[in-house]
Amino acid sequence: MRFIRFLLGSCILYLSVGGISFATATEIQSVQIALIEYEDDPRYKANIIDARYQAQPWGRLEEAVKLAIKESRFAAQKKGLKFDLTRHEVAALNELPSLINELEAQGTYFFLLDLPGEGVQYVASAAQHPSSLFFNLSALDNNLRSEYCHSNLLHIAPSRKMLTDAMAQYLVSKKWKEALVLYSDNEEDKRYLSSLQRSAKKFGLDIVSEKVFKLGNDPRDRYRNNISLLTAKDDYDVVFVADSKGEFAVDIPYSIVKPRPVVGAAGLVADWWHWAWDRNGAPQVNKRFLKKGKRQMTGYDWSAWMAVKVIAEGVLRQDVFDPKNFQPMLLSSEFKVDGAKGYPLTFKPWDQQLRQPIFLTSLNRVINRAPLEGFLHPVNNLDVLGNDQGEGQCKISKEIGKKK
Amino acid sequence: MSKFFKECESGLKATALALSLCVIPQAEASSGYVFVSSEKDDVVTVFNAEGMNKVTEINTSERPRAMKLSLDGSLLYVACGDDDAIDVIDVSTLKVKQSIDIGEDPDRFDISPDEKFLYASNEDDGLVTVYSLEENKKIAEIEVGEEPEGVLVSPDNRLVYVTSEVANMVHVIDIESKEIIENIVVGNRPRRMELTRDLTELWVSNEVGGTITILDTATFTQTAELKFAPKGMRAESISPVGMAMTKDGSRAYVTLGGANHVAVVDTKTHKIIDYILVGKRAWGVSLNSDETRLYVTNGKSDDLAVIDTARLKVIKSVPAGRVPHDVVVDD
């Protein structure tokens, strides 16, 4: 196991800002936050990162975590705490349980998971300490919010379903109701397709045809790799590319036979953060991130930043830091966080997903923000995105109730 | 006049400095104007308070937002975020006569009661800039939490209160030492502040929290929290920002942002008397001098609502540039 661990000395520096002096440094309690990464994570291959695909990560998430820790210094100070980040990378996903247990033994309660869905599952079930709390930063898989949900697992990144729901809303609102769907036959994209199918049904989008695409130039596979052939026959208002990696989708706009918009993983893309959002204090967040990270902020960075903000807000709202009662507090309806994209953000207690608006984005613009006007929910409008109460197969809310 | 003297009297009890506050603004005749800053047009639109006809537009530096009149009403200060400046408008000529270099992205500001110093929040940097209006230079920068917004100088010229939208706190800065002496935890994304007339309470609007936190200025602790529920509005759209209080201290008006209403609050009982439907994303709010009219800027419907405070109804709505932000009444 390759194991990286270092404390951020800078966090200690922050304690002296703002003209506040502290009696002694020894009185300050350290709250460990562990960022867990996968060394061979395909999402972070250099060529993928450099391509800047829409709604994909554009770099590792450490800078976003550090930014949020810096922003949380006043909250930490107020409670006599400091946040210390440690960063850990595994070479294989099955190394995760032992890493987690080792960190738990060292007194870490908060884990930020930047892992593929499979890794998130490993981790959540490996935990041995009842107060350990895992924040899913980047796995969009619907099943993590349904059959594979876990009582100690909170989702900061939206589910795939929230993203496909947002896009379906938008297409229906524009009356672009006839969609040709292109998808690959890898397992992840099949799940993407099934999420889209459910969203289509929910909002009244008509999928006229579903076609498998395949990256490549083999002429024998031309009906799967040739964009013109894939898009010539059907009649459609819009092409939806269900490509979870973005590599195929990037070529679709302007390459299809008909003059129609392309949406999904290229063209108009549902994303949970965008550097061009200019309301709700977002420009300030983007500027701070750009200064620190030397690149624009993505949804993945937002997740990392937001997870720390959730922890800091929790710390601020407890009289004395109490890991045991931390999670029930986060899940209560009174607990709200500001994500700089409008709406107070809260957790859905039934699958522990952070409620949040979703942006419909082009390369350099936020075109709209879902939930769109006119799509209403009887209780909280944000619940029109993703699993509503009673939907999905997650049965954890009862367990949480008991924990209280 | 009797009301005015009464107010000065109570001010005198609270602090000697408050007396000068009461006297000076009354000394000069008012201009009869209503000023509205519009963020996206880079102008301050001037209306005749009587009739609400547009008089002119004053070109300013980029992105004018918060505004404040000098005590004698001769100068209007306007924070222009994208040009890192506070413009000074000469009210007699309706032209910018000076542009103060105040540091990155000034958001809101306040001026000391003796008008010697201007305190501005620098939204991008997490700083409060202290600027000497006498010497015309920046004299200090004080680090606070990220996205500082509301700035309020206490009438005794001893403290500056600053909200940080990111830290969810009110920082209390001692003017003498220029150090933070207290950090008070408030609600989510605190924006603006208002002191009650008797100076015992500091009201803080929490935009994302959807509440007003009421703090005791003697102990810096929370004594009450106001919640809002205008009819037909979702809890998540209630986002209080602007506040205006009447001179007799009996009533407060709170703009509710995305909930498109103004709440009318009894400041003593903390009861909500009424909700007034205004326009989309109501933020800026100001009363006229005899308090018969309340003016509200609606950032997302690009207009200014004029409310009759006796009937608590909008009597007029006028176009006010792209994204109108703040309103100052000098009638």
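How many Å apart do the C-alpha centres of domain 1 of chain A and domain 2 of chain A lie? I looked that up before anything else, keeping in mind that this is a predicted model. The answer is 32 Å.

**Domains.** I noted the bounds for chain A: domain 1 takes in 9–158 + 278–357, and domain 2 covers 161–271. Then I checked who touches whom. Domain 1 of chain A puts 9 residues into the contact, and domain 2 of chain A puts in 11 residues. I also sorted the domain 1 side of chain A by class, and got 4 nonpolar, 4 polar and 1 charged residues facing domain 2 of chain A.

**Sheet.** Next I traced an open sheet of 7 strands in chain A, and wrote down its order as S7-S6-S8-S9-S10-S15-S16, with mixed pairing. Strand S7 (206–212) and strand S16 (366–370) of chain A each have a single partner strand, so each edge strand has one side without a neighbour in the sheet. From one strand to the next, I get an average twist of 25°.

I zoomed in on one pair: S9 (residues 262–264) and S10 (residues 268–271) of chain A run parallel and are joined by 2 bridges. Within this pair, I found Val263(A) opposite Leu268(A) of S10(A).

**Helix H6.** Which residues of helix H6 (residues 117–126) of chain A are buried? My list reads Gly119(A), Val120(A), Gln121(A), Val123(A) and Ala124(A). I then asked what covers them, and the cover of H6(A) includes helix H5 (96–105) along with strands S1 (29–38), S3 (110–114), S4 (133–136) and S5 (153–155) of chain A.

Definitions and conventions
Residues are numbered from 1 along each chain as its sequence is written. Chains are lettered from A and ligands numbered from 1 in the order in which they are written. This is a predicted model: local features need pLDDT of at least 70, side-chain atom pairs count only at pLDDT 80 or more; totals for chains, interfaces and linings use all residues. Two strands pair if DSSP finds at least two bridges between them. Helices (H or I, at least four residues) and strands (E, at least two) are DSSP runs, numbered from the N terminus. Axes are lines fitted to C-alpha atoms, for helices over the stretch in contact, and angles run from 0 to 180 degrees between N-to-C directions. Domain bounds come from an automatic or database domain assignment. Two residues are in contact if their C-beta atoms, placed from the backbone, lie within 7 Å. Ala, Val, Leu, Ile, Met, Phe, Trp, Tyr, Cys and Pro count as nonpolar, Asp, Glu, Lys and Arg as charged, and the others, Gly among them, as polar. A residue is buried if 20 or more other C-beta atoms lie within 10 Å of its own, exposed if 12 or fewer, and partly exposed in between; C-beta atoms are placed from the backbone.
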